[in-house]
Amino acid sequence: MKKNTFKKIIWANLILAILVVIKIVFYPYSLAPAELAKAMILYEELQPLADTFVIIMIFLVLIAYIVSLFLLYRFNDYGRQLYLVVNFIALFTFFSQGYVVFDSLEYVLDAIGSAFIGFIIAIIYFSNLSKEFKKKK
């Protein structure tokens, strides 16, 4: 794989993450059936607000994710380690949430995002580009 192609994959992953955040924040149930959207809104109203720790962790993971993508873009070895750690923390953070319902667009975006994450991890550890990551001091 060429460096230029890998950098394009990093950009595509960042753009996809931004689209997912916009979709979740501004259009949470846009493609869900009306009855399901109404039921989920009622369910969310009954749930307690997220505690401060969870909100801070989500923002820290988001910031660390962006930093790790930047470091991967620059072929920094710390970016590889940070990217792997951030994705594992994000995975366990999702398990701590209650019930989550995706509409069809969110499901597709999540599947593409998961494929990007797996693809990037495979490239940074198992391809010929893995030798390009050097510890920068």
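Against which helices do the buried residues of H1 pack? The legends below, which describe a predicted model, begin with this point.

**Figure 1. Helix H1 and its buried residues.** The buried residues of H1 pack against H3, H4 and H5. In H1, the buried residues are Phe6, Ile9, Ile10, Asn13, Leu16 and Lys23. The helix has 24 residues and reaches 35 Å from its first C-alpha to its last, close to the 34 Å expected at 1.5 Å a residue.

**Figure 2. The largest nonpolar core.** This core has 17 residues, and those with the most contacts inside it are Phe6, Leu72, Tyr83, Ile120 and Ile124. Two or more residues come from each of helix H1 (3-26), helix H3 (52-73), helix H4 (77-95) and H5. The most is given by H3, with 5 residues. Leaving aside neighbours within four places in sequence, Ile120 is in contact with Phe6, Ile9, Ile10, Asn13, Leu72 and Tyr83.

**Figure 3. A nonpolar patch on the surface.** Ile18, Val21, Ile22, Ile24, Val25, Phe26, Tyr27, Ile55, Phe59, Leu62 and Ile66 form this patch, and together they have about 1100 Å² of accessible area. At least two residues of the patch come from each of H1 and H3, and H1 gives the most, with 6 residues. Ile55 lies in helix H3. This residue counts as partly exposed because its relative accessibility is 38%.

Figure 4. The whole structure holds 3 salt bridges. In one of them, the side chains of Glu132 and Lys3 meet at 3.1 Å, N to O. Glu132 is in the segment after H5 and Lys3 is in helix H1, 129 residues apart. Glu132 is partly exposed, at 29% relative accessibility, and Lys3 is also partly exposed, at 40%. Another salt bridge joins the side chains of Lys23 and Glu106 (3.4 Å, N to O). This pair links helix H1, which holds Lys23, to helix H5, which holds Glu106, across 83 residues. Both Lys23 and Glu106 are buried.

Figure 5. Asp77 forms a salt bridge with Arg80, and the closest N and O atoms are 2.9 Å apart. The two residues are separated by about one helical turn because they are 3 residues apart in helix H4. An α-helix has 3.6 residues a turn, so residues three or four places apart point the same way. Asp77 counts as buried, at 6% relative accessibility, and Arg80 is buried with a relative accessible area of 15%.

Conventions. Residues numbered from 1 in each chain as written. Predicted model: local features only at pLDDT ≥ 70, side-chain atom pairs only at ≥ 80, totals over all residues. Heavy atoms only, no water. Core = buried A, V, L, I, M, F, W, Y, C linked by side-chain atoms within 4.5 Å. Buried < 20%, exposed > 50% of the residue type's maximum accessible area, 1.4 Å probe, protein only. Helix = DSSP H or I, 4+ residues; strand = E, 2+ residues; numbered from the N terminus. Contact = heavy atoms within 4.5 Å. Expected span 1.5 Å × (residues − 1). Patch = residues over 30% accessible without salt bridge, like charges linked within 9 Å, V, L, I, M, F, W, Y side chains within 5 Å. Areas by Shrake-Rupley, 256 points an atom, 1.4 Å probe, with all protein chains shown as cover. Salt bridge = Lys/Arg side-chain N within 4 Å of Asp/Glu carboxyl O.
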